[in-house]
Amino acid sequence: MAEDEVVDPKKYLEESCKPKCVKPLLEYQACVKRIEGDDSGHKHCTGQYFDYWHCIDKCVAPKLFAKLK
């Protein structure tokens, strides 16, 4: 990596926030397991997926914007 290359802090912050969002992650994983055999394509876990990332984004946002100022 070059010295002047900028590192995106968001990825690091997301990793540090994942332990705080275990419950939504477990709900998403349970949903994925529940619909594994669905061949119709009608079942999905979009809600649980977005709930998980909303939790991470809510944790990351204040820390990220503090670094951008």
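Predicted model: local features only at pLDDT ≥ 70, side-chain atom pairs only at ≥ 80, totals over all residues.
Residues are numbered from 1 along each chain as its sequence is written, and side-chain values use heavy atoms, with hydrogens and water left out.

**Exercise 1.** Determine which secondary-structure elements the chain has and how its radius of gyration stands against the globule rule.

*Solution.* Begin with the elements: the chain has three helices and zero strands, where helices (H or I, at least four residues) and strands (E, at least two) are DSSP runs numbered from the N terminus. The radius of gyration of the chain, taken over C-alpha atoms, is 16 Å, well over the 11 Å that the globule rule gives for 69 residues, so the chain is more spread out than a compact globule; the rule itself is 2.2 Å times the number of residues to the power 0.38. Finally, the C-alpha trace spans about 50 × 25 × 15 Å along its principal axes.

**Exercise 2.** Identify the residues of the largest nonpolar core and the elements that give two or more residues to this core.

*Solution.* A nonpolar core is a set of buried Ala, Val, Leu, Ile, Met, Phe, Trp, Tyr and Cys residues joined through side-chain atoms within 4.5 Å, and buried means under 20% relative accessible area, exposed over 50%, and partly exposed in between (1.4 Å probe, protein chains only). The largest such core has eight residues, namely Leu13, Cys17, Cys21, Tyr52, Ile56, Cys59, Val60 and Leu64. The elements giving two or more residues to this core are α1 and α3 (46-68), and its largest share, five residues, comes from α3.

**Exercise 3.** Decide whether Glu14 is buried or exposed, do likewise for Asp4, and list the contacts of Glu14.

*Solution.* Glu14 is found in helix α1 (residues 9-17); because its relative accessible area is 14%, Glu14 is classed as buried. Leaving aside neighbours within four places in sequence, Glu14 is in contact (heavy atoms within 4.5 Å) with Trp53, Ile56 and Val60. Asp4, by contrast, has its place in the segment before α1, and its relative accessible area of 68% makes Asp4 exposed.
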